[in-house]
Amino acid sequence: MALADQWNIIQNGLDPRWSDAHVVLSVEDSGRAERAAALLAPAGPGRRGSTISFHVARSGTGVGPEAVRRMLRRLDGEGIAGTLELVAASESAPATAAAKTTLAESWDAAMAGLPADWSDLLCEVGVTSSDHVDRTALLLGPVNPLRQKENLTFQFRVAQSFGYGASPGMVRRSLERVDDAGIPGTMRVLRLMSDTHPVGTQGPVWYVGGKAV
């Protein structure tokens, strides 16, 4: 059976509330285990001989189920056969009214902790399910979000007074739209620059993983 089909069976058998899963792949041809591990690299796999283990997360803190499915399809496409086994799975803790924080509230808290001379931010919004990805992208459209391919997150830039990035007010309004749609998620500031003065450019450029953001 194809590895992607095995993952579908495993995923369908999980409790609807599952948040994280520990999966092990046993590669039939030990000579192809190294290649299999390379194709699964975004999931941060651990390899021991022909056995490869990795984790899947729906919480936005790791590689999601759809990304895993795409990686396994690549293995299938290269004719790498094996057996996929679920080792363990955990469920999301029930959210309580007291613990729930909206994205707009998270934004307000982040703004309150920034230095007064901040000029540019790189921020991230994560959603809890792949079901919310398309709707969230639409609601965050005004801040020009960039979807991170291997997890359920979007990154965007913010500029306090000028340059490349959405204004703080626009960011808050966009986050309120996501909150109003009932989409749970998280918001955090990844990087910050203060008192920048670009010359002949729209703003500073961050390089993350060798790529400009």
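Which residue in strand 3 does Val24 stand opposite? Val24 stands opposite Ser53. The model is predicted, so a word on its limits comes first. Local features need pLDDT of at least 70, side-chain atom pairs count only at pLDDT 80 or more, and totals for chains, interfaces and linings use all residues of this predicted model. Residues are numbered from 1 along each chain as its sequence is written, and side-chain values use heavy atoms, with hydrogens and water left out.

Start with the whole chain. Its secondary structure comes to six helices and ten strands. Helices (H or I, at least four residues) and strands (E, at least two) are DSSP runs, numbered from the N terminus. Buried residues make up 37% of the 213 residues. Buried means under 20% relative accessible area, exposed means over 50%, and partly exposed lies in between (1.4 Å probe, protein chains only). Among contacts with a separation of 6 or more, 73% come from residues 24 or more positions apart. Contact means heavy atoms within 4.5 Å.

Now return to strand 1 (18–27). Strand 1 is mostly covered, with seven of its ten residues buried. Seven bridges join strand 1 to strand 3, and the two run antiparallel. Nine bridges join strand 1 to strand 4, again antiparallel. On that side, Ser26 has Thr83 of strand 4 as its bridge partner. Two strands pair if DSSP finds at least two bridges between them.

Helix 1 (residues 3–12) comes next. Its buried residues are Leu3, Ala4, Gln6, Trp7, Ile10 and Gln11. Seen down the axis of helix 1, they fall within an arc of 155 degrees, so they line one face of the helix. The arc is that of the directions from the helix axis to the C-beta atoms. An α-helix has 3.6 residues a turn, so residues three or four places apart point the same way. The face of helix 1 turned away from the buried side carries exposed Ile9 and Asn12. The cover over the buried residues of helix 1 includes strand 1, strand 3 (51–57), helix 3 (65–77) and strand 4 (82–91).

Helix 1 packs with helix 3 at an angle of about 150 degrees, their axes 7 Å apart. That makes helix 1 roughly antiparallel to helix 3. Axes are lines fitted to C-alpha atoms, for helices over the stretch in contact, and angles run from 0 to 180 degrees between N-to-C directions. Angles under 35 degrees count as roughly parallel, over 145 as roughly antiparallel, 65 to 115 as roughly perpendicular and the rest as oblique. Helix 1 contributes Leu3, Ala4, Trp7, Asn8 and Gln11 to the contact, while helix 3 contributes Pro65, Val68, Arg69, Leu72, Arg73, Leu75 and Asp76. These residues divide into seven nonpolar, two polar and three charged. Ala, Val, Leu, Ile, Met, Phe, Trp, Tyr, Cys and Pro count as nonpolar, Asp, Glu, Lys and Arg as charged, and the others, Gly among them, as polar.

Three bridges join strand 6 to strand 7 (residues 153–159). Leu146 stands opposite Gln155 in strand 7.

What of helix 4 itself? Its buried residues are Leu103, Ala104, Ser106, Trp107 and Ala110. Down the axis of helix 4 they fall within an arc of 160 degrees, so they line one face. Exposed Ala109 and Ala112 sit on the face turned away from the buried side of helix 4. Helix 4 and helix 6 pack at about 150 degrees, with axes 7 Å apart. That makes helix 4 roughly antiparallel to helix 6. The contact of helix 4 with helix 6 has seven nonpolar, no polar and four charged residues.

End at Asn144, in the loop between helix 5 (133–139) and strand 6. Asn144 has a positive phi of about 55 degrees although it is not a glycine. At 47% relative accessibility, Asn144 counts as partly exposed.
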